[in-house]
Amino acid sequence: MRHILSILVENEAGALSRISGLFSARGYNIESLTVAPTEDATMSRMTIVTVGSDDVIEQITKQLNKLVEVVKVIDLSDGNHIERELMLVKVRAAGKDRDEMKRLAEIFRGSILDVTDKSYTIELTGTGSKLDAFLQAIEPGVILETVRTGASGIGRGERILRI
Amino acid sequence: MQLTGAEIVIRCLQEEGVDYVFGYPGGAVLNIYDELFKQDKVKHVLVRHEQGAVHAADGYSRSSQKVGVALVTSGPGVTNAVTGIATAYMDSIPLVMLTGQVPTHAIGQDAFQECDTVGITRPCVKHNFLVKDVNDLALTIKKAFYLATTGRPGPVLVDIPKDVTQAKAEFSYPKTVSLRSYNPVTRGHTGQIKKAVQLLLEAKRPMVYAGGGVVLNNAAPQLTRLVRLLGFPCTNTLMGLGGFPGTDPQFTGMLGMHGTYESNMAMQHCDVLLAVGARFDDRVIGDPANYLRTDRKIIHIDIDPSSISKRVKVDVPIVGYVGDVLDEMLKLIESSGQRPDAAALKSWWSEIKEWQRKDCLNYDRKSALIKPQFVIEKLYEITGGDAFVTSDVGQHQMWAAQYYKFDKPRRWINSGGLGTMGFGLPAAMGVQLVNPGATVACVTGEASIQMCIQELSTCKQYHLPIKIVNLNNRYMGMVRQWQQFFYGNRYAESYMDALPDFVKLAEAYGHTGVKVEKPGDVEGALKDAFKQKERLVFLDFITDQTENVFPMVPGGKGLTEMILAEEL
Ligand SMILES: Cc1cc2nc3c(=O)[nH]c(=O)nc-3n(C[C@H](O)[C@H](O)[C@H](O)COP(=O)(O)OP(=O)(O)OC[C@H]3O[C@@H](n4cnc5c(N)ncnc54)[C@H](O)[C@@H]3O)c2cc1C
Ligand SMILES: Cc1ncc(C[n+]2csc(CCOP(=O)(O)OP(=O)(O)O)c2C)c(N)n1
Ligand SMILES: [Mg+2]
């Protein structure tokens with residue numbers, strides 16, 4: 001099962017490698033990992049997407065909590081949450097493809113950030129599967145480059161992660 | 001007052017009441033050594049290899065419940081220490097490691113004797129720090145002691161660049177410290193404890209399985225009271241030996257791969273299991289799927305939530321210090337006036353006694369060759385069962401665990417989790433230093449002892465009258481045993497050829513060496529050795545080469561699938 005973990009961690013050198021090291025040392029999966037400081041500069045918030053059975057996820061959560069620099073861990077997938085990922089994709093856009101590509105970007109609520117006479121650079125946000133759907137909708141041959149941030153997540157409604 | 005970083009390090013150690021530091025000097029720690037030299041509160045023990053420093057600090061801690069402290073230089077000093085750190089980490093031993101580092105401006109430059117200490121040790125410490133500013137030094141050392149000793153104990157490393165030891169800062173040692181990100185649960189959940197007590201009182205075939213957590217938490221008295229009050233059978237893991245008295249009639253012996261027949265059978269067939277500070281290790285329950293084939297309720301007390309339901313799902317998890325949880329259980333049981341079902345218990349005990357009749361630790365007592373088990377039995381007799389016994393890793397370790405009956409905790413000092421050959425002798429040094437005047441024996445094998453043999457020199461320097469009991473079978477016996485059982489007798493590289501003359505070797509280091517070749521000489525040799533209170537004696541027992549450790553649960557098998565001596 002896919003799980004999305006949110007982690008508050010002390011904003012200290014080495015904290016990231018402790019966490020990624022934990023995953024590799026214990027053979028846990030990381031599908032994606034994002035991290036940046038929070039409004040409180042002494043803390044960072046990390047979102048890790050991982051897959052594993054309930055037992056494995058339970059161990060991952062316990063092992064993360066055991067790390068001295070980890071302040072709090074929640075499994076967003078335990079409840080309602082919002083998940084977003086940002087993708088920048090550079091596509092070939094020449095001739096008759098040009099209009100088609102623009103329309104497609106609009107359908108997916110993307111915006112074109114950069115234009116040359118042969119290419120567009122499109123920004124898209126959404127769930128991972130929406131981004132996948134976009135990539136599937138266009139011909140693989142026209143994709144020149146993609147870069148994705150991995151998912152960030154937040155609980156819905158009153159569900160709040162803070163100390 | 002402004003102090004240098006090096007002065008601050010020493011002042012911190014003094015404030016923590018550290019009496020011994022085990023270490024080895026080098027460029028990056030010269031400032032610290034200079035400050036050590038100028039005072040005499042904190043004594044330094046100069047080992048002969050950094051691995052020895054860490055094992056010595058480790059043995060010091062295991063046998064005294066104090067924090068062990070080791071000090072090594074950057075680069076090779078640290079890499080040599082890694083085995084010791086990993087050993088302590090696997091067995092949850094509280095250590096503070098102080099390591100020198102190249103100056104802050106040189107970090108990352110491939111400087112002389114630079115290594116990424118924090119990176120290298122990250123997976124085998126509870127936590128580590130690199131101190132880049134002398135103003136953070138005292139607080140960091142305070143945190144290190146705090147982290148090492150609270151919650152699940154473990155080694156904590158503080159990496160100190162050389163320029164930080166030179167720079168000056170105002171010194172004040174914090175009295176307390178707290179970290180918002182570190183709050184181990186210490187008090188067990190009362191509701192869970194009540195549930196556990198109910199289960200225990202209703203059990204028909206109960207079993208108590210107690211591990212290293214009992215020893216680490218000094219909870220042997222509580223465990224002993226509870227087990228006696230309930231009249232239940234009790235087993236210990238290799239790390240838990242001494243946590244319940246080895247001579248108590250309710251003790252069924254160690255369990256696990258080389259545990260007794262009765263302990264393993266009772267562990268498998270109980271209907272309620274009370275697991276106390278033990279982590280369902282693979283050497284203990286073998287294949288978890290097999291273990292779970294029998295239906296039972298499991299209560300698990302552990303300070304570390306990640307130890308609970310890691311390998312075996314449990315019914316009543318209790319996170320907390322074992323001592324406190326056991327205290328609460330005792331109170332509840334005592335005040336309830338309830339006692340377990342006496343008739344059920346009686347028939348359970350008669351089943352256990354039936355298993356005990358297998359006499360699984362029996363061996364050929366009439367052999368013309370020295371049987372290693374016999375040496376341990378004699379060691380037990382001659383030391384009145386009251387010695388501190390350290391060991392290395394292999395068959396000799398298992399025999400020591402099986403045949404020496406530990407009545408007290410912190411008397412059995414061995415590397416269980418990592419299984420580090422070379423641990424025994426340096427660990428014994430730490431034990432002897434913190435227990436001056438006590439009887440300390442190091443049970444070892446001819447292969448293991450050579451891994452840290454250089455520490456004989458340290459023993460000479462500090463007059464440590466350790467008795468080395470070398471069960472010399474001219475084989476890496478434990479390896480050979482596996483090769484005999486599982487690799488068609490192909491003894492690939494497990495033969496110890498070109499062994500040194502251990503008697504001469506001991507003498508070369510200024511100690512006494514004795515070679516013992518006949519069963520009839522074992523007792524006399526041990527008696528003579530233990531009479532020599534001032535000297536280290538190296539006893540080289542030439543034992544039966546073919547002896548194996550029984551019972552044995554082959555790796556990955558179920559607990560009851562034991563190979564017994566009689567079956568071969
Ligand atoms: C050659 C060889 C053979 C071996 N064969 C066997 C064998 O036959 N049988 C055997 O038992 N072992 C054997 N071992 C050892 C084995 O590898 C493990 O080290 C050992 O079984 C673990 O013991 P433990 O479960 O008591 O856990 P430990 O490693 O001692 O861990 C202690 C547990 O207690 C918890 N704890 C710590 N402090 C507290 C506290 N204050 N309060 C509450 N909980 C606390 C910890 O979180 C941890 O879960 C062998 C090792 C070697 C090298
Ligand atoms: C540092 C290290 N290397 C290798 C091993 C694997 N190993 C386990 S037991 C053993 C043999 C030990 O031989 P010896 O010390 O003579 O003890 P015996 O089993 O013969 O009693 C070996 C090589 C280990 N545990 N530690
Ligand atoms: Mg041997």
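I began with the make-up of the shell around ligand 2 in this predicted model, and by class I counted eight nonpolar, eight polar and one charged residues there. In total 17 residues surround ligand 2, and the closest of them are Gln395(B), Gly419(B), Ser448(B), Tyr475(B) and Gly477(B).

Next I looked up which helices contribute to this shell, and I noted that helix 17 (395-403) and helix 20 (477-486) of chain B each supply at least two residues. Helix 20 of chain B gives the most, with three residues.

On the side-chain part, I found an N or O atom of His396(B) at 2.9 Å from an oxygen atom of ligand 2. On the backbone part, I found an N or O atom of Gly419(B) at 2.8 Å from a nitrogen atom of the ligand, and an N or O atom of Ala447(B) at 3.2 Å from an oxygen atom of ligand 2. I also wrote down that ligand 2 taken alone exposes 580 Å², of which the protein buries 76%.

Last, I turned to Gln192(B), which has its place in helix 8 (residues 190-202) of chain B.

Technical notes. Residues are numbered from 1 along each chain as its sequence is written. Chains are lettered from A and ligands numbered from 1 in the order in which they are written. This is a predicted model: local features need pLDDT of at least 70, side-chain atom pairs count only at pLDDT 80 or more; totals for chains, interfaces and linings use all residues. Side-chain values use heavy atoms; hydrogens and water are left out. Helices (H or I, at least four residues) and strands (E, at least two) are DSSP runs, numbered from the N terminus. A residue is near a molecule or strand if one of its heavy atoms lies within 4 Å of it. A polar contact is a pair of N or O atoms within 3.5 Å; within protein, one must be able to donate a hydrogen and the other to accept it, and residues adjacent in sequence count only if both atoms are side-chain atoms. Accessible areas come from the Shrake-Rupley method with a 1.4 Å probe; for residues, only the protein chains shown count as cover. Ala, Val, Leu, Ile, Met, Phe, Trp, Tyr, Cys and Pro count as nonpolar, Asp, Glu, Lys and Arg as charged, and the others, Gly among them, as polar.
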